[in-house]
Amino acid sequence: MFLTYRKRWRWLWREWLTSTDPKKIGVMYIIVASLMLVRGAIDAGMIWLQQALASGAATGYLTAAHFQQIFTAHGSIMIFFVTMGFLFGLMNLILPLQIGARDVAFPLLNSLGFWLYVAGAALINLFFVVGGEFAAAGWLALPPLSELAFSPGVGVDYWIWSLQISGLGSLLGGINFIVTILKMRAPGMSLMKMPLFVWTSLCSMFLVVSAFPILAITLVLLFLDRFLGMHFFTSSFGGNPMMYVNLIWSWGHPEVYILMLPAFGIYSEIVATFSQKKLFGYKSLIGGTIGITLLSMLVWLHHFFTMGAGADVNAFFGIMTMFIAVPTGVLVFNWLATMFRGRIIFSSPMYWFLGFISTFTLGGVAGVLMGIPGVDFQVHNSLFLVAHFHTMVIGGALFGIFAGITYWFPKVMGFKLNEKWGKRAFWFWIIGFFVSFVPLYILGFMGATRRLDHYAASTGWQPLFITAAIGFIIIALGAAIQIFQIIVSVKQRKPARHASQLAGIAGGQNMDDPWNGRTLEWATSSPPPVYNFAIIPEVRDRDAFWAMKKESKVISHPANVKYQDIHMPKNTAIGIYISGFAFLLAFAFVWHILWLGLVGLIGAIVCVIIRSFDENTEYVIPAAEIARIEASFPVSFRASPDGIGTSRGIP
């Protein structure tokens, strides 16, 4: 209604929805992921409330079937559409800036990847409108529960195709970022001068292109079981359910590190910035990241030690699980060593890092325990496992996302988030987290299984389930405070910008570099222009921007700079169209509408062909326009043509 009243629909289409600017695509990723976070959090609240109420004669407010659908939707949404969405959003926003690039390698693939993600997010929620039910086979849809005999409705098909098309978007995004990092770095930025966020994103994207094809094939085989009556994963006619378990977890465990590695990179940037020191053990941090990447492909079987693989196989995967803790520990100790004797600034991004250290320690110890086959036999399929997984994903990945958004918010928006409310939100999150999940560890030891919608009163579990539900309420208050923090920050943005400009004129910091940053994203304006850098900086040091500031030849205006025309990709709606046809194809497979599936397939192919014949895909920003844009920026720090820092307006 607001857009209609202000007549802004055309502006929204032209400036945002069809944009190929990775910064705008990153913002859209974060907006969609935030909406899906609300959706997934509501599911979590419903699960906790049911478990708090359903004891003894009381059956709670959900039926068993409804509970299992909510359980399945919660896990799928949080992994595929919340955490993945946030991380791809942050990569789009920051990664090109950190490597001194004006754009990504494949702008169209980047746009298409985002819109496939949106199509998947829409499809996984479409059962509310068409279908009436969702999958009830768990977030990994393990057979035989996901086979047609046990799930005859369309819920599993919605699950299959929402993950399939969003997974294709992730795969395209992974290819795009790998090529961007390897081929578009600024002059002088060797691999061993890249920021840690770039390194961890690179390793994460290598895992994406390695693991997501496994997921795609697995989903196709499961669909063929359901659609054509094949028997890849059935328990009869030669099928093997354990093959599905192996395939899904050979994707699923690398997926955990696909989520964790970029968060590790975010923590690395924050620790160095707020300790005001170079990262301790930069090369060992890279070695640890690569070690995690390689070992993450060799540990999947510890998810089913109890399935009869044999002592030798269990021992191998148990040992690999122990090994992967070593490079992870290297990262943690290097971060702590970076803080040692540093001049630590306890800003809100640093709070999220310290919260991560406390939760990650708990989750890491639990993970090593579960890597021992004998222990796993006792806690497998229990709430101990659920608590461990959430400790890693919330305390590791989600806290990293919050830290990254807080840290880079002024770069994207031009003003900082309110620190006072940010710290308050952190304390609600961290307290609520421990109140929620420590009881689940205890319940797991007491024998409570996951997917439990009712339990006998004689177990004595209800007080712990109630405590966990109270923890969720505390977390929800923290999330509400984060929303309030954004509202307050937006209202205070103009005074904050004015104060930052005055600080810059006085020789202090401004919103172009509010944290006294070390890497190249802070070497341009906040928010950056569409081309990121008027002149590509030359990198001479690992902490490129920090070195530029130390070597700065301070001048008022770089009048001697001669700008050149810049070629940038045009906006295009082709990604929206292809994703729309992919959505139709997926919907047709869900409901077995063959003619609609042909429309979707042919439409997507035609769009690709039309695009391949379009040679007018770029536009030119003239040098005079660049000079005008650069001169219009307020007090800021810039990178001069020779890579030495120059400051405007600073006496």
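Glu625 is partly exposed, with a relative accessible area of 29%. Here, buried means under 20% relative accessible area, exposed means over 50%, and partly exposed lies in between, using a 1.4 Å probe and protein chains only. This is a predicted model, in which local features need pLDDT of at least 70 and side-chain atom pairs count only at pLDDT 80 or more, while totals for chains, interfaces and linings use all residues. Residues are numbered from 1 along each chain as its sequence is written, and side-chain values use heavy atoms, with hydrogens and water left out.

**Salt bridges**

Glu625 has a partner, Arg628, and their side chains meet in a salt bridge. A salt bridge is a side-chain nitrogen of Lys or Arg within 4 Å of a carboxyl oxygen of Asp or Glu. Both residues sit in helix H20 (residues 623-632), 3 residues apart, or about one turn of the helix. Helices (H or I, at least four residues) and strands (E, at least two) are DSSP runs, numbered from the N terminus. An α-helix has 3.6 residues a turn, so residues three or four places apart point the same way.

The structure holds 9 salt bridges, and here are some of them.

| Pair | N to O distance |
|---|---|
| Glu625 and Arg628 | 2.7 Å |
| Arg226 and Asp157 | 3.1 Å |
| Glu15 and Arg14 | 3.4 Å |

The bridge between Arg226 and Asp157 links distant parts of the chain: Arg226 belongs to helix H7 (residues 196-227) and Asp157 to helix H6, 69 residues apart. Arg226 and Asp157 are both buried. By contrast, Glu15 is partly exposed at 27% relative accessibility, and Arg14 is partly exposed at 42%. Arg14 and Glu15 also join Lys24 in a network of salt bridges.

**Helix H6**

Helix H6 covers residues 155-183, which makes 29 residues. From its first C-alpha to its last it reaches 42 Å, close to the 42 Å expected at 1.5 Å a residue; that expected span is 1.5 Å times one less than the number of residues. Is H6 enclosed or open? With 23 of its 29 residues buried, H6 is largely enclosed by the rest of the structure.

**Pockets and cavities**

Rolling a probe the size of a water molecule over the atoms shows where empty space is left. On a 1 Å grid over the protein atoms alone, a cavity is a set of points where a 1.4 Å probe fits but cannot get out, while a pocket is an open set with protein on both sides within 12 Å along at least five of seven lines; lining residues have an atom within 4 Å of a point. Grid points are joined across faces, edges and corners, and a volume is the space filled by probe spheres set on the points.

The second largest pocket holds about 360 Å³ of space. Its lining has 20 residues, and those closest to its centre are Asp21, Lys24, Val530, Asn571 and Tyr619. The elements giving two or more residues to this lining are helix H2 (9-17), helix H3 (22-53), strand S1 (566-569), strand S2 (618-621) and H20.

The whole structure has 4 cavities of 30 Å³ or more. The second largest cavity contains about 120 Å³ of space and is lined by 14 residues, with Glu269, Ala272, Leu279, Thr519 and Asp543 nearest its centre. Helix H8 (residues 241-275) gives the largest share of this lining, 4 residues.

**Backbone details in the loops**

The loop between helix H5 (107-125) and H6 includes Pro144, which is joined to Pro143 by a cis peptide bond with omega of about 5°. Ala141 lies in the loop between H5 and H6, has a positive phi near 50° without being a glycine, and is buried at 0% relative accessibility. Arg341 also has a positive phi, about 60°, although it is not a glycine. Its place is the loop between helix H10 (311-339) and helix H11 (348-370), and at 75% relative accessibility Arg341 is exposed.
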